[in-house]
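Here is a short note to read beside the model. Please keep the structure open while going through the points.

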Amino acid sequence: MPRNKSPKPARKLKPSGDYLDIEEVAVELHLSTKSIRRRVRRSEFCPFVRIGRRVLWSRSRLKEWFDSRESPTGIPAQRRTRRAA
């Protein structure tokens, strides 16, 4: 038996239910994964569930969070801009 067997690739297990990983959330919201990570770090993003090392978002909770960010006039809230020094 050869000793130089390549290891099997790790399987990505999908949890039961309607959960999205960071790549799927990025596609849904048209954001980059870097932007999502930055917003999570600043606590400016939808709450998530951690399963082991994986960070997952519930699709329904993500939708509720996104819908709640809309202003009463129906116009999405504007991004913060840096002040001129």
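1. The axes of α1 and α2 come within 9 Å and cross at roughly 105°. Axes here are lines fitted to C-alpha atoms, for helices over the stretch in contact, with angles from 0 to 180 degrees between N-to-C directions. The two helices are therefore roughly perpendicular (65 to 115 degrees). On the α1 side, Ile22, Glu23, Val25 and Ala26 make the contact (heavy atoms within 4.5 Å). Helices (H or I, at least four residues) and strands (E, at least two) are DSSP runs, numbered from the N terminus.

2. This is a predicted model: local features need pLDDT of at least 70, side-chain atom pairs count only at pLDDT 80 or more, and totals for chains, interfaces and linings use all residues. Residues are numbered from 1 along each chain as its sequence is written, and side-chain values use heavy atoms, with hydrogens and water left out.

3. Which residues of α1 are buried? They are Ile22, Val25 and Ala26; buried means under 20% relative accessible area (1.4 Å probe, protein chains only). These residues cover an arc of only 100° around the axis, so they sit on the same side of α1. The arc is taken from the directions from the helix axis to the C-beta atoms. An α-helix has 3.6 residues a turn, so residues three or four places apart point the same way. The cover over the buried residues of α1 includes β1, α2 (33–41), β3 (54–58) and α3.

4. The largest nonpolar core has 10 residues, among them Leu20, Phe45, Cys46 and Trp57. Such a core is a set of buried Ala, Val, Leu, Ile, Met, Phe, Trp, Tyr and Cys residues joined through side-chain atoms within 4.5 Å. Two or more residues come from each of α1 (22–29) and α3 (59–68). The largest share, 3 residues, belongs to α1.

5. β1 and β3 run antiparallel, joined by 2 bridges. Strands pair if DSSP finds at least two bridges between them. Leucine 20 stands opposite tryptophan 57 in β3.

6. Just after α1, histidine 30 takes a positive phi of about 60°.

Conventions:
Buried < 20%, exposed > 50% of the residue type's maximum accessible area, 1.4 Å probe, protein only. Parallel < 35°, antiparallel > 145°, perpendicular 65-115°, else oblique.
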